[in-house]
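Biologist: I have this chain open on my screen. Can you walk me through it?

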Amino acid sequence: MTQPQNVIAVVYDYDRTLSPVIMQNDVIFPAIGVKADEFWLRTNRLRDVRAYEDELAWLRLLLENPDFRQLSNVDLQQFGRELEFFPGVPEVFNGLSGFLEDEKYVRHGIALEHYIVTSGLKEVLSGSPLSEHVEAIFGCELDEDREGKVFWPKRVVSHTAKTQYLFRISKGPEYVDLSHDVNDHMPEEERRIPFRNMIYIGDGPTDVPCFAVVSSRGGVALAVYDPGDDESLHICQRLLDAKRVREIGPANYNKGSHLRSILEYRLKRIANRIADELQQAHQREIIEAARPR
Ligand SMILES: [Mg+2]
């Protein structure tokens, strides 16, 4: 069955894209008395000396911490309430849909959805004020032991594995359900959200695989930087120079900001293209139906 393909998705990275502080430093370490600098030094050592993947290194160190091991997934969700966000988050999620109330778009049922794909802990974001505004959150997940305490990673979303979730979003809700194999073949016209209807927003080199998947398939890749951090601006400029992303902007999502204007412009372009295509398809059907047999 072909899909109307009238849904637009904005997919966000989390750490340093929606928040100036990575979630471990922001809410987890303060709760269990861990010094961030020391922790990341040990993580880097596991990566550099023992060739660990980053995510497996920090997950191991967290799960070896006796105070962290006392926590449940519900505790991790509680941490989510304390997260710090960039300006305009979460208002931007509802605010961006406003323009779709125009009859031109309503006629074709054009809708906007938001998703978050993080290499951090999914449960922390599930308990945050962001969760009610997004269709789905993908991230590392921990299993609980018989006492209900976290003890083992059941899903690790490394930065290269993040692209898998873009395909899940593209294919539709049954693939957003993680028990479904994402590799089942699905022709482009049957996908609920083709990549050309997708915008991916990230902040740095760990987003390059997602930037590449989205832009090579006709979508839009955007990078944001922390206006208070020169290094993050340089990273974004390098991404732009290397044509990894279409545009860059300071991570201020408030109405009237540069980033918000870029987002609104890109969303309108996609929505106009969808409206034109659906209008043309509709006219073809009318001509077809009126043709003498
Ligand atoms: Mg990030």
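Modeller: One term to begin with: two residues are in contact if their C-beta atoms, placed from the backbone, lie within 7 Å. This is a predicted model, so local features need pLDDT of at least 70 and side-chain atom pairs count only at pLDDT 80 or more, while totals for chains, interfaces and linings use all residues. Residues are numbered from 1 along each chain as its sequence is written.

Biologist: OK, Y14. Which residues is Y14 in contact with, leaving aside neighbours within four places in sequence?

Modeller: Y14 is in contact with S19, M23, I116, T118, G120 and L125.

Biologist: Where is Y14 found?

Modeller: Y14 is in the loop between β1 (7-12) and α1. Helices (H or I, at least four residues) and strands (E, at least two) are DSSP runs, numbered from the N terminus.

Biologist: Is Y14 buried or exposed?

Modeller: Y14 is buried, because 26 other C-beta atoms lie within 10 Å. The cut-offs: buried takes 20 or more other C-beta atoms within 10 Å of the residue's own, exposed 12 or fewer, and partly exposed is in between, with C-beta atoms placed from the backbone.

Biologist: Now α1. Which residues of α1 are buried?

Modeller: In helix α1 (residues 23-32) they are M23, Q24, D26, V27, I28 and F29.

Biologist: And what do the buried residues of α1 pack against?

Modeller: They pack against α2 (36-50), α3 (54-63), α4 (73-79), β2 (111-121) and α7 (122-126). Just after α1, G33 has a positive phi of about 65 degrees.

Biologist: Switching topic. At what angle do α8 and α10 pack?

Modeller: Helix α8 (residues 162-171) and helix α10 (residues 208-216) pack at about 35 degrees, with their axes 8 Å apart. Axes are lines fitted to C-alpha atoms, for helices over the stretch in contact, and angles run from 0 to 180 degrees between N-to-C directions.

Biologist: Which residues meet there?

Modeller: K162, T163 and L166 in α8 meet P209, C210, V213 and V214 in α10. The residues of this contact divide into 5 nonpolar, 1 polar and 1 charged. Ala, Val, Leu, Ile, Met, Phe, Trp, Tyr, Cys and Pro count as nonpolar, Asp, Glu, Lys and Arg as charged, and the others, Gly among them, as polar.

Biologist: Last one, the whole chain. How many helices and strands?

Modeller: The chain has 12 helices and 7 strands. Buried residues make up 37% of its 293 residues. Its C-alpha trace spans about 75 × 45 × 35 Å along the principal axes.
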